[in-house]
There are 2 protein chains.
Amino acid sequence: MVNIMKSITIYDIAKEAGVSPATVSRILTGSTTVSEEKRQKVQKLIEKYDFRPNAMARGLTVSSSKTIGMLVPDAQNPYYNSVFASCCNAAYEKGYSMLLLNTFSDPAREKEALAKLIEQRVDAVIISGGRCDLAEQGPLSEETLRLISNRCRVVITSYSNYPEFAGICIDHRGCLDLAVDHLISLGHRDIGFVYAGPEYIGTKWKLDRLKEKLESYGLPFRKEWMIESRTYAHRGGRSAAHTIAELDQRPTAVIALNDVLAAGLLQGFHEVRIDVPGEISVIGFDNAYLTDITSPSITSVGYDYDAFGAMVVDYAVGEHAQDQGINLLIPGELVCRDSTDVARRA
Amino acid sequence: MVNIMKSITIYDIAKEAGVSPATVSRILTGSTTVSEEKRQKVQKLIEKYDFRPNAMARGLTVSSSKTIGMLVPDAQNPYYNSVFASCCNAAYEKGYSMLLLNTFSDPAREKEALAKLIEQRVDAVIISGGRCDLAEQGPLSEETLRLISNRCRVVITSYSNYPEFAGICIDHRGCLDLAVDHLISLGHRDIGFVYAGPEYIGTKWKLDRLKEKLESYGLPFRKEWMIESRTYAHRGGRSAAHTIAELDQRPTAVIALNDVLAAGLLQGFHEVRIDVPGEISVIGFDNAYLTDITSPSITSVGYDYDAFGAMVVDYAVGEHAQDQGINLLIPGELVCRDSTDVARRA
DNA sequence: GTGAAAGCGCTAACAC
DNA sequence: GTGTTAGCGCTTTCAC
């Protein structure tokens with residue numbers, strides 16, 4: 001579908017101003033000094049016609065589109081949404097625009113989307129979630145590697161084992177520490193964990209760290225308190241709550257892999273009349289906005305999404321080109337709400 | 001920042017295949033038939049090098065970028081996020097990519113973002129929220145109009161009073177009907193409403209319709225049951241619940257402008273020990289994912305976001321070019337959950 | 001400081 | 001069918 005009207009060009013401006021197109025270009029880019037007189041004249045015409053230089057033409061000559069592509073499994077998901085939105089803002093500040101493509105974690109679609117971004121000649125692609133989040137990142141397929149290689153910068157929002165990609169990753173271990181330390185400071189010693197997707201880095205790191213940490217404190221790491229859910233959705237937390245309710249000995253606090261599972265725990269405990277935080281404390285991760293609207297509100301370890309986005313974009317636009325393949329951690333921040341309280345033994 | 005490596009072009013492919021660039025182009029676009037022999041040879045080379053045609057170059061010659069720009073007040077907001085995500089998918093199906101820009105409802109930023117999209121030569125821009133959602137849409141500023149006019153198609157995700165723009169709008173009146181009919185079918189006669197932003201179309205249409213509707217049914221439309229909150233956030237609903245709790249005569253059901261306010265009502269009623277749905281029913285709009293995770297879960301009138309996005313994109317890519325300036329309504333869908341029940345008088 | 005001209009990578013006449 | 005060529009709208013040498 002073509003645009004309705006042939007739009008105005010620097011030639012039109014140049015002719016009317018009685019200067020050369022090069023001069024108009026110089027004014028646009030500010031590359032060289034131009035006599036004040038001509039600058040004025042040209043500027044006036046630019047405003048008169050609301051002239052906007054064609055980014056495609058410019059991109060063609062300077063080999064840069066000033067766009068960044070982003071691949072996410074599902075843009076609807078609040079987490080990816082947050083990351084994307086913050087990247088958008090950071091990109092805007094740097095004069096870039098963001099293109100978003102959903103992959104639905106489908107490898108074929110992923111490849112297709114990547115190809116599309118390459119065609120657009122994005123200056124960088126940000127890959128979020130999916131295979132990149134696996135604890136054991138398989139090698140990139142030869143195809144993907146070739147598609148990417150030398151064509152644009154790549155940063156993944158996870159820990160990167162790929163020498164070609166920079167990784168900006170949430171400090172899952174540090175986040176877990178924050179959660180456990182908070183619970184311990186409230187007197188909890190019996191701590192459970194509800195999680196899903198142990199093959200993913202965020203889960204694995206937290207689980208491993210929890211074990212390490214509890215043992216180092218001489219606290220029990222009990223198998224039956226570590227509940228693997230089949231889903232990240234709230235119903236996973238809900239059924240975990242029922243499981244916990246039936247335990248002979250229950251933990252006094254449970255950590256949920258994310259806020260949605262934590263919300264599910266709340267629902268489940270509510271159903272079986274276990275009071276939160278009176279009888280059991282609950283803490284989540286991500287500090288999603290839903291933490292505020294539940295009853296009780298949910299204590300959560302979140303992150304500064306804006307800082308996250310800014311960091312990702314910094315790498316994407318190549319401000320740290322020397323650090324190819326490096327990994328950076330985004331620290332967590334504890335936000336106390338009403339779902340955690342001092343431990344009370346039955 | 002330039003890309004690292006000069007990428008391969010149709011000329012390279014053509015030379016190696018011993019054909020002309022035009023032939024390669026023909027194969028790429030499928031515009032004319034090409035001899036099977038040459039097609040094979042070229043195809044092989046395309047795969048060999050993972051050649052991807054430069055979209056900027058193509059766009060420059062065909063005057064179309066195959067991209068759609070979208071302006072939203074805040075991409076973090078779940079509603080805009082949903083709309084954007086569904087547009088993304090719909091666009092993908094049609095071979096378009098989406099560019100997203102945040103305006104933060106700031107006119108200056110809005111103009112800047114619009115200019116940016118124009119520079120990118122997007123084929124269309126989708127404007128969501130902000131001034132477009134006002135019930136009284138002021139005339140477009142001369143500047144904006146000039147910026148847009150004849151440069152690309154525009155569709156707004158609201159009712160459009162602008163002859164230049166198509167409007168795809170949620171059927172707020174129909175949605176309200178659905179909510180009220182549901183409550184009436186449960187025996188409710190005393191119905192309240194909690195809302196914010198009466199200057200916005202979604203609010204105004206619902207409020208007006210509620211009055212109309214209750215009166216037509218001979219039901220009370222009581223001033224003190226119509227509670228205007230200063231915010232769309234959950235705390236608005238919470239304080240509304242407290243207000244309602246102190247009423248001499250309370251409604252048996254309350255409609256909230258959106259699910260977040262409904263969640264706030266739940267919190268508030270919980271605090272003052274009013275049982276939902278036992279003593280009072282609550283219903284929201286948008287069918288956001290949070291409706292499932294609250295206790296009780298929230299009955300809500302939602303919409304088919306995918307259909308919404310598909311419709312918006314259809315107009316954006318000009319499949320209904322003849323219908324410039326037309327308005328279309330997206331119907332609501334009632335989703336019953338646990339926050340509504342039969343009316344019980346005290 | 002400024003203009004002429006080449007070139008970015010593609011498509012679309014236009015010839016053959 | 002296929003090649004030649006002229007743009008698309010910009011930036012950027014290279015002269016002057």
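**Entry 1: terms before looking**

I count a residue as near a strand if its C-beta atom, placed from the backbone, lies within 6 Å of it. I also note for myself that this is a predicted model.

**Entry 2: the surface near DNA strand D**

I started with the DNA. Which element gives the most to the surface near DNA strand D? I found that α2(A) does, with six residues. I then listed the elements that give two or more residues there: α2 (21-29) and α4 (55-62) of chain A, together with α2 (21-29) and α4 (55-62) of chain B. There are 30 residues around DNA strand D, and A:T9, A:A22, A:S25, A:A57 and B:S35 come nearest. Sorted by class, this surface has 13 nonpolar, 13 polar and four charged residues.

**Entry 3: a closer look at α2(A)**

Next I wanted to know which residues of α2(A) are buried. They are A:T23, A:V24 and A:I27. I looked down the axis of α2(A) and saw that its buried residues fall within an arc of 100°, so they line one face of the helix. The buried residues of α2(A) pack against α1 (10-17) and α3 (36-49) of chain A. Just after α2(A), I noticed A:G30, which takes a positive phi of about 65°.

**Entry 4: the domains of chain A**

I stepped back to the whole chain. Chain A is divided into domain 1 (10-61), domain 2 (67-171 + 305-330) and domain 3 (172-302). I checked the centres of domain 1 and domain 2 of chain A, taken over C-alpha atoms, and 35 Å separate them.

**Entry 5: how chains A and B are related**

I laid chain B on chain A: a turn of 180° and a shift of 0.1 Å along the axis do this with an RMSD of 0.1 Å. That is the relation of a two-fold axis.

**Entry 6: where the chains meet**

How many residues does each chain bring to the contact? I read 59 from chain B and 59 from chain A. On the side of chain B that touches chain A, α5(B) gives the most, with seven residues. That side divides into 28 nonpolar, 22 polar and nine charged residues. I also found that 100% of the interface residues of chain B are interface residues in chain A too, so the copies meet through the same surface.

Note on methods
Residues numbered from 1 in each chain as written. Chains lettered and ligands numbered in written order. Predicted model: local features only at pLDDT ≥ 70, side-chain atom pairs only at ≥ 80, totals over all residues. Helix = DSSP H or I, 4+ residues; strand = E, 2+ residues; numbered from the N terminus. Nonpolar A, V, L, I, M, F, W, Y, C, P; charged D, E, K, R; others polar. Buried ≥ 20, exposed ≤ 12 C-beta atoms within 10 Å, placed from the backbone. Arc of directions from axis to C-beta. Contact = placed C-beta atoms within 7 Å. Domains from an automatic or database assignment. Least-squares fit on C-alpha atoms with pLDDT ≥ 70 in both.
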